[in-house]
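Student: I have a model open and want to learn how to read it. Can we go feature by feature?

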Amino acid sequence: MAQTNAKILAPSPAAQLPWWREPMLWLVLGGPLVVVVAAIATAVIAVRGSDPVLSRASESLDSSTPAVQARNHAATPRAPH
């Protein structure tokens, strides 16, 4: 009787699903596919939205100038109306 039960529980070759209908395939391949799509989307956003390159000639001010201007503006008293 044990042999007949083993034959019933074994899957038949005709009952196998096509490879694209197998759920385990999508669990294994789904993660890497999502990562590849996200990387391509990130690259497209980076290339399309890149900032222009500035030349060294336009860099006449040192890096602390905006902070100094803001400090002086905050310390300046208000003009009377």
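Student: In which helix is the place of Leu27?

Tutor: Leu27 sits in helix H2. Helices (H or I, at least four residues) and strands (E, at least two) are DSSP runs, numbered from the N terminus. This is a predicted model, where local features need pLDDT of at least 70, side-chain atom pairs count only at pLDDT 80 or more, and totals for chains, interfaces and linings use all residues. Residues are numbered from 1 along each chain as its sequence is written, and side-chain values use heavy atoms, with hydrogens and water left out.

Student: What pattern does the protein chain follow along the sequence?

Tutor: The pattern is α-α-α, with three helices and zero strands.

Student: Why does Leu27 count as exposed?

Tutor: Buried means under 20% relative accessible area, exposed over 50%, partly exposed in between (1.4 Å probe, protein chains only). Leu27 counts as exposed because its relative accessibility is 65%. Across the protein chain, buried residues make up 1% of the 81 residues.

Student: Where does H2 bend?

Tutor: A bend is the angle between axes fitted to the seven residues ending at a residue and the seven starting there. H2 bends by about 40 degrees at Leu29, and Pro32 follows within four residues.

Student: How many aromatic pairs are there?

Tutor: Rings of Phe, Tyr and Trp (its six-membered ring) pair if their centres lie within 6.5 Å; planes under 30 degrees apart are stacked, over 60 edge-to-face, the rest tilted. The count is one aromatic pair. Trp19 and Trp20 form it, edge-to-face, with 5.9 Å centre to centre and 90 degrees between the planes.

Student: Is Trp20 exposed or partly exposed?

Tutor: Trp20 is partly exposed, because its relative accessibility is 47%. Trp19, at 60%, counts as exposed.
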